[in-house]
Amino acid sequence: MSIAPPAPPARLRGALAAGAPALAVGAAVVLLWQLLVTATGVQSFILPSPTDIFGALLDELPTILRDARVTLAAVLLGMALGGVSGLLGALLLTRLGRISGPLLTVAVILNCAPVVALAPIANNWLGVTSIWSKACVAGLMVFFPVLVNTTRGLRDVDTLHLELMSALAARPRHTLLLVRLPRSLPFFFNGLRLGAAASVIGVIVSEYFGGPSQALGVYIANQAALSRFAETWAGVLAASVMGLALFAVVAGCESRLVPWQRHRHDGDT
Amino acid sequence: MTAPATTTPRGTAAMTATDDAPAISLTDVHKVFPASGGQSVAALERIGLDVRPGAFVSLLGPSGCGKSTLLRIIADLTAPTTGTVTVGGRSAREARLARDYGLVFQQAGLLDWRTVRRNVELPLQVGGVSRAERKAQAETMLDLVRLGDVADRFPWQLSGGMQQRVAIARALACRPQLLLMDEPLGALDEMTREYLQGELLRIWRDTGTTVVFVTHSVSEAVFLSTDIVIMSPRPGRITRRIEVGLPQPRTVEDRTSPAYFETVTEVRKALHAVMAEEPA
Ligand SMILES: Nc1ncnc2c1ncn2[C@@H]1O[C@H](COP(=O)(O)OP(=O)(O)O)[C@@H](O)[C@H]1O
Ligand SMILES: [Mg+2]
């Protein structure tokens, strides 16, 4: 009867237990990769070995970290812009009544569009070296999933709850603040999680088309142009870690702010 | 009846009891639902019902006979097609806006993101009651349903029966003179159900509220009610009203008394008569 949320150590152990098989598979893939490269003697410009890549990463770590910080700033700015505007857009959309349906459909379609393709245009409009041109692309990539998901959440309210609020003679403001917004929080985070990974892609690709001299995307593009493939792969690895870390941070915030949803995912009624 | 919502439950009960006005009065209420295919559904027909203050009235009838619809009309969640409804001497709408009644459904309908205490506080928060007063009032109500020790838990950490008790505490938070309940124990197992029936009677006595209780269980209606209103299948009409003569306060022993079985039999017969009847 007294089911408390699992204590942090237990939860950590649970996460490790869940992650262990994935980790093992990952290690096996890296090992296989290493064996394949050494056994076949494939040229390093086609595929460098994992040891080459890790070596390059260690050598280049100061540069990569410095550049990653610039990229991360653009990503975070984009996520903030996209998250806030997506949330506000969803609130606006639910107030528009009849045209909100078609507008949402348009948003869903735009959500499927390759927003990254706008990178050269954003560079053109906002300046190649400006953080705003990168944040704008990332922001759009966060905006659409947050908008679409949050709008769903704002509508996915239990009719029982609406009836309850009506029986309490609640004003629309109360229903929004006390029922609709909390209800949509898990949906908002779902959108933000999708956006987190996408926004790293947005900024990196945007930087391929030109950016400030110190940026991870520019670093990757330059190393590739110089045929330094181990370094190129090291940059890609750093970018992947960044995407993964952001995803984890958002998921962490989510399980803290939306504990009831974690419980639902546990499969309990 | 202008007693402030903050008077003690006993006090309000005493005051309403001396008042001659019925707690609820329905006159010639009809309800027709327009259906999509052009064919409308007559859900309620010629409903006349007076509920005296402090009564425990059960609406009993086969499913689909319009019990929920009738309750929702009293709660002003849906409007009657024709007819008049007064609750505590005012129109149903005025009563709703004044938060004169508390409502409990078959599903507890608690807000997952709020602790038990904050769920009970909800009606008070909507009503603009100060934070400190809200908390004190919620704690009083949680003590009333004997859930003071789980005030800081979340709904999903409670059993179904406990959730339903929280829903009852929430319905009572504004100290309404009327409690409307739509099959509140319908989703619970037999044991929990019987326990909560006893609890409900105790709460009813302690607070002195008028209760309108929807059920399709004969034994539940007989054990709980002062009056049982029997409804016919669609279109729902009130075919009989049976006063339950069992002594108050009722105890578990009353469930096995001859008088109890007599009343159960009487109600069963009335229901069978209604079911055999051809709809008009
Ligand atoms: N919103 C509605 N629209 C159309 N028909 C409805 C609606 N609500 C109830 N009904 C119909 O009215 C009748 C009575 O329903 P209800 O009051 O829920 O019955 P009960 O609670 O006794 O099971 C049923 O035939 C049902 O289909
Ligand atoms: Mg019903």
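Contact between the chains, with heavy atoms within 4.5 Å, takes 24 residues from chain A and 25 residues from chain B. The model is predicted: local features need pLDDT of at least 70, side-chain atom pairs count only at pLDDT 80 or more, and totals for chains, interfaces and linings use all residues. Residues are numbered from 1 along each chain as its sequence is written, chains are lettered from A and ligands numbered from 1 in the order in which they are written, and side-chain values use heavy atoms, with hydrogens and water left out.

Chain A and chain B bury about 2300 Å² between them. Buried area is the accessible area (1.4 Å probe) that two parts lose on being put together, summed over both. Carbon and sulfur atoms account for 69% of the buried area. Leu168(A), Leu178(A) and Trp260(A) lose the most area on the chain A side. Together they make up 23% of what that side buries.

One salt bridge is counted between chain A and chain B. The term requires a side-chain nitrogen of Lys or Arg within 4 Å of a carboxyl oxygen of Asp or Glu. The partners are Glu163(A) and Arg72(B), with their closest N and O atoms 2.5 Å apart.

Three helices of chain A, α6 (159-167), α7 (172-208) and α10 (259-265), each supply at least two residues to the side that touches chain B. Helices (H or I, at least four residues) and strands (E, at least two) are DSSP runs, numbered from the N terminus. With seven residues, α6(A) gives the most to this side. By class, the chain A side has 16 nonpolar, five polar and three charged residues. Here Ala, Val, Leu, Ile, Met, Phe, Trp, Tyr, Cys and Pro count as nonpolar, Asp, Glu, Lys and Arg as charged, and the others, Gly among them, as polar.

Chain A has ten helices and zero strands. Its C-alpha trace spans about 75 × 55 × 30 Å along the principal axes.

Ligand 1 is surrounded by residues of chain B, including Phe33(B), Ala43(B), Lys67(B) and Thr69(B). A shell residue has a heavy atom within 4 Å of the ligand. Helix α2 (residues 67-74) of chain B gives the most to this shell, with three residues. The shell divides into three nonpolar, five polar and two charged residues. A backbone N or O atom of Gly64(B) lies 2.6 Å from an oxygen atom of ligand 1. A polar side-chain atom of Ser68(B) lies 2.7 Å from a ligand oxygen atom. In the side chain of Arg234(B), an N or O atom is 2.7 Å from an oxygen atom of ligand 1. Taken alone, ligand 1 exposes 560 Å², of which the protein buries 62%. Accessible areas come from the Shrake-Rupley method with a 1.4 Å probe; for residues, only the protein chains shown count as cover.

Most residues other than glycine have a negative phi, and most peptide bonds are trans. The peptide bond from Arg234(B) to Pro235(B) is cis, with omega near -5 degrees. Pro235(B) sits in the loop between β9 (227-231) and β10 (238-243) of chain B. The bond from Gln248(B) to Pro249(B) is also cis, with omega near -10 degrees. Ser227(A) is not a glycine, yet has a positive phi of about 60 degrees.

Terms used: A polar contact is a pair of N or O atoms within 3.5 Å; within protein, one must be able to donate a hydrogen and the other to accept it, and residues adjacent in sequence count only if both atoms are side-chain atoms.
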